[in-house]
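User: I'm new to this one and would like to learn how to read it feature by feature. Could you walk me through it?

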Amino acid sequence: MLSVRIFFGFFAPIYITIIKTYAQNTENYTPQAHVQSNFTKNSNLASHYLELADSFKLELHYSDAINYYLKAAALFKNSQNWEKYTSTTNNIAKYYLLSKQYLKAKEYATLALETGLDYLSPNHLNIAMSYAELMSFYYDYGQDYQTAIMYGRKALRICRLSKPNRPHRVVQSDLFHQLGITYCTQGIYDSAYINYHKALKLRKLIYNNKPTNYDYYMIGGIHASIAYYFRDIKQFDSSLFYHKQAIQCYKQYPKKWGKHSLSTTYMILSGTYRKLHNYKISIHFAHQAVQINKELFGPNHEETALAHRSLGIAYRENQQYYVALNHFQKVLIIRTYSFTETSIYSNPNIEDYKNDYKALQGLISKAVCFKKMYEFDTKNLKDLQFSLSTALDGITLLDKMREKLIFKESNKGLMNMMWFCFELIQSVSHQLYKITGNTKYIDLAFQTAEKSKAFMLWQSVGRQETQYYNWVPQTILNKEKILINNIDFFKENLYLAKKNQNKQLIQIYNDSLLFYKEKQHRLIKLLKQNYPEYYKFRYSKSVATIHQIQQTLDVNSLVLSFFEGDSAFYVFKISKTMASFSKINNLTKIANLIARLKREITTFPGIDKNKKSIKYQSFTESSHLLYEILVEPFITEATNSIANRLVIIPDGKISHIPFEVLLTRDPDSLMKKNTNYRDLSYLIKKYAIIYNYSATLQLHNTTKITSKNNGRCLAIAPNYMGVNAQGKLAQRNSMNTLRNQTLEALPGAQNEVRSISNFFDGVFLLGDEATESNFKKEAGEYAIIHLAMHGKSNLGNDHYSKLVFTKAKHQREDDTLFSYELNNIKLKADLVVLSACETGKGNFVRGEGVMSMSRGFMLAGSPSVLQTLWESADHASTFIITNFYRDLSEGMHKDIALKEARLKYLRENTTALYSHPFYWSGFVLLGSNKPVSLKNTSNYKWSIIGIMGLVFAILLAIPLINLIKNKRTRP
């Protein structure tokens, strides 16, 4: 029997020509006259297309396989052979997935599913296969594991209801296998193990002691997954056992798929032996992977680059740094278009990289190797400096990849590599700063930390609901996408033409590339001119510098900007005249203290005497220890003795706590005994505190010229049908889901809004007028927007965090403002006050900060947002907000006004219960601290009186002027 390789070498071109001729003859047939004959010919031709597709598939030529599956699917559709059509369309989805063209895969899996539901029986195997492809899509794309499991279970339900024949068992086994992988990825190991063994049991049942080579291949895949499982739970002996079982199975399947899986397993084994510090065997298996991939794909293929990286890491961990660097250099050579330099002290030009994850992997691996070589071998400063420059090349490559990321699927591996790169730069920069004292390393580290925070916009890739797509017409977005794809296409083909020394094609592709780059340049100019916000999001790579931040500070202000890595915190302290860069270790201790503090300040304090002293001690200890770690080292220097304002730019775990509650002194024995919360030495008693997502955003908000608004306040307090339980303190949320529930009335909210009218002119919507539609109609023109109502964060999906308005009758709106709806609202407000619960609560996402309701208002255009971190008590909120507005109306800075309102609350609440931080520390201010410029109510009234007085004076003056005039003209 001829091998697949011989077939492709000699007969495939002839066979393809025959098929094309056959297709042309078939297309000339008249369907009306020869329906049955046409059906037969279509089916025959489609079968030939399937044979071709399967042949290309076995050679891992997925694009060619997809092409012939598409041709076959079209013929099956014309013939209304829905069983074959859905089966073929499922295959198209499968190979789009393997090609990492995820959205195409979803499109065809959905098409197959919808067709199957329309034309096949509801329990047909093809429908189960469509569900299986959708399961794989949701697992790979965006890591939506719950949805993946849902589709997997739907598919299994069909398989269980069907006859237990071989095809159903095959699909069922594959489903159990994929479910096991999904559970294992989530760390649900018991469920993963159960599903793996169900998959294995079914596979053995299928072949009934007579396994084919393909059966061995499939069993090998399950063994490999079980090996992963044992590696994850650190049972390395069992992991090695199953990996060796997988290798034996793959060796039984000598085709390309089997060999490729074998090389992948060798790379994984290499990693397992590295964890066991058996570097000799690790290097052995990585070498085997390199040899197999060279044989399968050639020396310049991306799979070969992947194996070189694995081998390089094995040598690096064995402290053979020069050998390791040579393998990383090969990765860079393979993943660029024309770079051939073998010297380890050279890197490609950024424009020469192919925009892919593997090139970034090579750069980061090389940077780490130079760092380790400096630390454990050479002590040559040149190696540490080259480590930094290589890691910075990685960030520059990320900038370059960003254009493609906007239109492609998010990649969890890429994100992990990106954060590793950001932390590596912090670590190496800190080392170089400590060694040399050169402040340029502070600037480099700071700007890299800012890029990590600015990645909030980059990481929105693939999320079509993001607001930035609403800024630009779809036609322009489509044009942008096409240009990017064309540039990539001609760049790749130019590389191949140069490789083959085809001068004619080189000229054609070079001219085409220049043509599309020029078109892209003109489009970018148009975007910069007509859609500046989108341009800033997509193309502007600038972040704030330390010098720019210093220019916006007064002598009383101090900025503390944090970067959380996997091994340490890095802290930038910036004042008007100086900057420093520090490293904080012991992340585990910090995380535990934050968890303790958060638990004590965010839970309703209650009056349980048995637990009162324990909770008090837990709060004071965690609060003071965090102060000693996160704040005290940076504010005790003499140069900062005049500072009275802190700008906090948090990151990671510390994003969930208000610094205001940190204690500058450990309570003395008397205070500990009395559990006195009111008189503790809170940081808020020394400093006004304001927060920002990044220093770049702080600079933008501080220097931003806000759009001209009407200088008035829009304040809203809805009417809820529910009433408070007797004796219960009202809280601005429902402890259950808010939608369609009876909500507690908030009398304090309406009083709060009425009190604002004493200080500012504006529109005040209470009760039945406080509807979502009225808010959307009015919001765009006001200088202050105040929302006093129930709110609820959604930790599962921040787009569904919400505020609840009065339920309006006979209106299109649903009384609930979701976070995603802010995408379509443009605000001119200087300040948004969210006097509702949990508006600042959300999951922390690396590169995005805390995903909360308040973020939506800031991105909608407001430079300042006053938010809440947890459920707030109604009476405390009203007191603090009223006093906050009183001070604002007198021209006070926002952060100072909030500080004074809190301190006044503490002074006037003498009881231990109500002075607990739960009541007063939940409000935090984001963004600009500038005073607001509004029409003050008292000034407004006096202005009217003044105008009326002036008019009255003029009216009195007119007769007098006429009398004088008459006297002068009298004869």
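User: Let's start with charges. Which residue forms a salt bridge with lysine 371?

Analyst: Two bits of background come first: this is a predicted model, where local features need pLDDT of at least 70, side-chain atom pairs count only at pLDDT 80 or more, and totals for chains, interfaces and linings use all residues. Residues are numbered from 1 along each chain as its sequence is written, and side-chain values use heavy atoms, with hydrogens and water left out. A salt bridge is a side-chain nitrogen of Lys or Arg within 4 Å of a carboxyl oxygen of Asp or Glu. Here, the partner of lysine 371 is glutamate 375, with 2.7 Å between the closest N and O atoms.

User: Where do lysine 371 and glutamate 375 lie?

Analyst: Helices (H or I, at least four residues) and strands (E, at least two) are DSSP runs, numbered from the N terminus. Both residues are in helix H16, 4 residues apart, which is about one turn of the helix.

User: How many salt bridges does the structure hold?

Analyst: There are 20. Take aspartate 215 and arginine 203, whose side chains meet at 3.8 Å, N to O. Aspartate 215 belongs to helix H10 (residues 213-232) and arginine 203 to helix H9, so this pair ties together parts that are 12 residues apart in sequence. Both of these residues are buried. Salt bridges with shared partners also join Asp174, Arg203 and Asp215 into one network.

User: Which residue does glutamate 302 form a salt bridge with?

Analyst: That's arginine 335, and the closest N and O atoms are 4.0 Å apart. This pair links distant parts of the chain, 33 residues apart: glutamate 302 is in helix H14 (residues 302-317), while arginine 335 is in the loop between helix H15 (321-334) and helix H16 (357-378). Glutamate 302 is partly exposed at 30% relative accessibility, whereas arginine 335 is buried at 7%.

User: On to rings. How many aromatic pairs does a search of the whole structure find?

Analyst: Rings of Phe, Tyr and Trp (its six-membered ring) pair if their centres lie within 6.5 Å; planes under 30 degrees apart count as stacked, over 60 as edge-to-face and the rest as tilted. The search finds 48 such pairs. In one of them, the rings of tryptophan 82 and tyrosine 119 have centres 4.3 Å apart and planes at 10°, so this pair is stacked. Tryptophan 82 is in helix H4 (residues 82-98) and tyrosine 119 in helix H5 (residues 102-119), so to speak of sequence, they are 37 residues apart. Tryptophan 82 is buried at 16% relative accessibility, and tyrosine 119 is partly exposed at 49%.

User: What kind of pair do phenylalanine 563 and tyrosine 570 form?

Analyst: A tilted one, at 6.5 Å centre to centre with 55° between the planes. Phenylalanine 563 is buried at 2% relative accessibility, and tyrosine 570 is buried at 1%.

User: Which ring does the charged end of lysine 379 sit over?

Analyst: A charge sits over a ring if NZ of Lys or CZ of Arg is within 6 Å of the ring centre and within 35 degrees of the ring normal. For lysine 379 the ring is that of tyrosine 374, with the centre 5.8 Å away. Lysine 382 lies over the face of tyrosine 345, 4.0 Å from the ring centre.

User: And strands: in which sense do E14 and E15 pair?

Analyst: Two strands pair if DSSP finds at least two bridges between them. Strand E14 (residues 864-868) and E15 pair in the antiparallel sense over 5 bridges. Serine 864 stands opposite glycine 927 in E15. Strand E15 (residues 923-927) is mostly covered, with 5 of its 5 residues buried.

Definitions and conventions: Buried means under 20% relative accessible area, exposed over 50%, partly exposed in between (1.4 Å probe, protein chains only).
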